[in-house]
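User: Hello! I am new to this structure and would like to learn how to read its features. Could you take me through them step by step?

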Amino acid sequence: MKAAIYKQYGPPEVLQLTELEKPTPKKNEILVKIHAATVTSGDVRLRASDFPAIFWLLARCIFGLFKPKNQILGHELAGVVEAAGDQVTKFKVGDHVFGTTTLLKGGSYAEYICLPQQWKTGVVAHKPANLSFQEAAALPIGAMTAMCLFEKANLGANEDVLIYGASGSVGSYAIQLAVDKGNEVTAVCSGKNADMVKHLGAKHVIDYKMASYCDVKGKFDIVFDAVGKTSKSEAKKVLKKGGKFVSVEMMTDEKPCYLQEIKEMAESGKIEPFIDKIFSLDEIVKAHTHVDSGRKRGNLVIV
């Protein structure tokens, strides 16, 4: 099978196309023919070994001290079940699925992958029936991250929510999740992305290149940092008394209940993935280069 691998940390050019043996599913695994994957911030961070200084050594011990332990990146996917182990009960051959590869030995930058039907660190479920493979692949990581962080913030209804970095993957889902619960969203992003975030439901937009959100007159119940580029001390300037600050720098979980809720929201039209660009697996270096540029909006898909 074709796969994109990296044998050392570094720029996008460390990614190389190669041929690998097609995997065989174990008794509790499904073999998925991958129709779409994505390039997430996590993929880019792992490729470049771009970890926060306080976690750098720990991360390198987990993911590979001198070179990557897992040579195939790709944290999310959508595809078709081609084979199933004899202990698999939740899926059958021909099922359309989507999910994550978190802490598995292989990622989704390949034509095939074996996924356990259930494991502690990742999730897989039947794909939303109304979404394409490309759209479904772009849902799990960003949407679950936003959902988990809003759970930490005790998101309710009729609240004022500010989302910093609203035009990225996590931010785009955070807007939709907040609006779905009846909240008013102020999006902080580049002015060129104002139409995008308004389409997703934001009522107000702050162009961070023109003004600091810390200087706005209004106060917010939640400040949601979707890109890890603001701080609690800055957020306090605009938070109401008792307001909450959450950030993608916090620990988040992938739970089957999150993915199921996201699936149902997608099927009912309450949440939609915003896809910036689509690249082929052959263009994986170009895809990573685009994400490295900082110009990605929403999600970037690999087919």
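Analyst: Happy to. Let us begin with a definition: a residue is buried when its relative accessible area is under 20%, exposed when over 50%, and partly exposed in between, using a 1.4 Å probe and protein chains only. Helices (H or I, at least four residues) and strands (E, at least two) are DSSP runs, numbered from the N terminus. In helix α1 (residues 41-48), the buried residues are Asp-43, Val-44, Leu-46 and Arg-47. Seen down the axis of α1, these buried residues fall within an arc of 165°, so they line one face of the helix; the arc is that of the directions from the helix axis to the C-beta atoms.

User: Before we go on, what kind of model is this, and how are its residues numbered?

Analyst: This is a predicted model, in which local features need pLDDT of at least 70, side-chain atom pairs count only at pLDDT 80 or more, and totals for chains, interfaces and linings use all residues. Residues are numbered from 1 along each chain as its sequence is written, and side-chain values use heavy atoms, with hydrogens and water left out.

User: How do I read the packing of two helices?

Analyst: Two packed helices are described by the angle between their axes and the distance between the axes. The axes are lines fitted to C-alpha atoms, for helices over the stretch in contact, and angles run from 0 to 180 degrees between N-to-C directions. Angles under 35 degrees count as roughly parallel, over 145 as roughly antiparallel, 65 to 115 as roughly perpendicular and the rest as oblique. Let us stay with α1: its axis and that of helix α9 (residues 284-292) come within 10 Å and cross at roughly 100°. The helices α1 and α9 are therefore roughly perpendicular to each other.

User: Which residues of α1 and α9 make the contact?

Analyst: Contact means heavy atoms within 4.5 Å. On the α1 side we find Asp-43, Val-44 and Arg-47, and on the α9 side His-288, Val-291 and Asp-292. By class, the residues of this contact of α1 with α9 are two nonpolar, one polar and three charged. Here Ala, Val, Leu, Ile, Met, Phe, Trp, Tyr, Cys and Pro count as nonpolar, Asp, Glu, Lys and Arg as charged, and the others, Gly among them, as polar.

User: At what angle do α4 and α5 cross, and with which handedness?

Analyst: The axes of α4 and α5 come within 8 Å and cross at roughly 55°, so the two helices are oblique to each other. A crossing is left-handed if the near helix is turned anticlockwise from the far one by less than a right angle, and right-handed if clockwise. The crossing of α4 and α5 is right-handed. Residues of α4 including Ala-143, Met-147 and Phe-150 meet residues of α5 including Tyr-173, Ala-174 and Leu-177. This contact of α4 with α5 has nine nonpolar, three polar and no charged residues.

User: How is α4 placed against α8?

Analyst: Helix α4 (residues 140-152) and helix α8 (residues 256-267) have axes that come within 10 Å and cross at roughly 110°. They are therefore roughly perpendicular to each other, and their crossing is right-handed. Among the residues that meet are Met-144 and Cys-148 in α4 and Leu-259 and Ile-262 in α8. The contact of α4 with α8 has nine nonpolar, no polar and two charged residues.

User: Is Leu-300 buried or exposed?

Analyst: Leu-300, found in strand β14 (residues 299-302), has 0% relative accessibility and counts as buried. Leaving out residues up to four places away in sequence, Leu-300 touches residues including Val-39, Phe-279, Ala-287 and Val-291.

User: And what about residues in loops?

Analyst: Asn-183, in the loop between α5 (169-180) and β9 (184-189), counts as buried at 8% relative accessibility. Leu-103 sits in the loop between β5 (96-100) and β6 (112-116) and is exposed, with a relative accessible area of 58%. Leu-103 also has a positive phi of about 60° although it is not a glycine. Asn-154, in the loop between α4 and β8 (160-164), likewise has a positive phi, near 55°, and counts as exposed at 54% relative accessibility.
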